[in-house]
Amino acid sequence: MAISLFDLFKVGIGPSSSHTVGPMVAANQFAHQLLERGLIDEVNRIKVDLYGSLGATGKGHGTGTAVLMGLEGELPESIDPSGVNQRVQDIEQASKLVLLSTHSIEIQVQEDLIYHRIDRLDFHANGMVLVAFDEQQAILHQATFYSVGGGFIVEEDEDGKVALVEDTTLLSYEFNDAETLIQLCKKHDKSIAQIMLENEQHWRSEAEIKQGILSIWSTMKECVQNGMQNEGILPGGLKVKRRAASLYQDLSSKTRMDMITPSLGAMDWVNLYALAVNEENAAGGRVVTAPTNGAAGIIPAVLHYYWEFCPRSSEEGVITFFLTAAAIGMLFKKNASISGAEVGCQGEVGSACAMAAAGLAAATGGTPEQVENAAEIGMEHNLGLTCDPIGGLVQVPCIERNAMGAIKAINSASMALRGDGTHYVSLDKVIRTMRETGKDMNDKYKETSRGGLAVNVIEC
């Protein structure tokens, strides 16, 4: 299975790639299926059943909103986040939805969007079934989708089997594990970024790849800026106060000499960058899935650290960072999971931490062996991390967890660069351990808000 960098890094909206981005894409695809089958004008009603984690925490994660917007024809990369809440209010008040902005249908949101808090479908924890009815309430079309993490979706076929449509592009350098990747680097005397760049050229020109990466970097910077300016209370009912704006004002009023040490001052800024992104995500703003929304602040925070605090930072270094991080992300996607609903937060924050550590190590001159070591350290110390969002919202502990993940990534890169790349535990073994740990983890610790902090804080 061939995966592109641009599959892992996607522009979308918060608060969740699995619960918002994926369901919006699935609903949009369902609406287009109706159009392609010539059925759209016959549709009178659409019913959506959300299962597993989508049912358990979908309300707090904005899944219903995402489905409504997808049915109306919106997509995560192009939707205007500022108009979403008003549009949803209009739909609820009028009890009407406009399929693909062309055909109006009746919809009772409370009755037609059903959250199954306990039941789940067999294939994956994030399952959703969409059914379109005609005026006589006969079924016109039905489809089952799974949001499998990072905004990726898959669909069941007519026999109830999941049709995994894989990209079968033959790449210049095929690798499915870190060991093979390092061997390719040695054999061809190339860095991980160079290996990735040549592979990416099977889809895009070198100029398009680099411009696309810099465009993603620009969106990340814009997200940080927005997060540092917006104040107030995050939506959802927990009354979590946004902190990034006040922290930015505080840090901006001090010089680095006012800090305890320059290095600790840098870490304050890293915390700010991560908080800014994830507060924007929690508020439903525009973010880059990296590789998920729940962990969207880690890579931008570490990239900002590279850009602001590393003496020889450059756009070429940013490109190297992204290419290298993507290579590591692909290993997690292929061999384990990046879905919190499937393996817990170790699959989200852990993967992002490993990707960021690898990217920083590469951008600052690390060898392939040191890069692999950085990624291994970053993941190893997130093993077993549960996903237990309080109130089903991507706020507590998710926002602070991104700041901690970014700090861990920087330290992981630093430790790896101080060594020669040799280490006891391989990245491949850590990824395998993460997958097995996720399988063993009780479902109540996997994005269902039925265990851990999600229960104990409410009880207290």
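1. UniProt positions are given here in the numbering used for this structure, feature names are shortened, and annotations may be inferred rather than shown by experiment. With that in mind, the unreviewed UniProt entry carries the annotation "domain: Serine dehydratase beta chain" for residues 4-158. In the model, the end C-alpha atoms of that span lie 28 Å apart. The span is 37% helix and 30% strand.

2. A word on the basis. This is a predicted model, in which local features need pLDDT of at least 70 and side-chain atom pairs count only at pLDDT 80 or more, while totals for chains, interfaces and linings use all residues. Residues are numbered from 1 along each chain as its sequence is written, and side-chain values use heavy atoms, with hydrogens and water left out.

3. Overall fold. The protein has 19 helices and 10 strands. These are DSSP runs numbered from the N terminus (helices: H or I, at least four residues; strands: E, at least two). The radius of gyration is 22 Å, close to the 23 Å that the globule rule gives for 460 residues, so the protein is as compact as a globular protein of that length. That radius is taken over C-alpha atoms, and the rule is 2.2 Å times the number of residues to the power 0.38. Along the principal axes, the C-alpha atoms fill a box of roughly 70 × 50 × 45 Å.

4. Of the 460 residues, 56% are buried. Buried means under 20% relative accessible area, exposed over 50%, and partly exposed in between (1.4 Å probe, protein chains only). A contact means heavy atoms within 4.5 Å. Among contacts between residues at least 6 apart in sequence, 75% join residues at least 24 apart.

5. Ser339. This residue is in the loop between α13 (315-335) and α14 (340-343). Ser339 counts as buried, at 0% relative accessibility. Leaving aside residues up to four places away in sequence, Ser339 touches Ser18, His124, Asn126, Val148, Gly149, Gly344 and Glu348.

6. Phe332. This residue lies in helix α13. Its relative accessible area is 0%, so Phe332 is buried. Beyond residues up to four places away in sequence, the contacts of Phe332 include Ser337, Ile338, Met379 and Leu427. Phe332 and Glu348 are 16 residues apart in sequence and 9.9 Å apart in space, C-alpha to C-alpha.

7. Cis peptide bonds. The bond from Gly14 to Pro15 is cis, with omega near 10°. Pro15 sits in the loop between β1 (10-13) and α2 (17-36). A cis bond also joins Val396 and Pro397, with omega about 5°. Pro397 is in the loop between α16 (368-380) and α17 (398-417).

8. Positive phi. Ser95 has phi near 55°, a positive value in a residue other than glycine. Ser95 is in the loop between α5 (84-94) and β3 (96-99). Is Ser95 buried or exposed? Ser95 is buried, with a relative accessible area of 14%. Ser101 has phi near 60°, also positive in a residue other than glycine. Ser101 is in the loop between β3 and β4 (103-106). At 58% relative accessibility, Ser101 counts as exposed.
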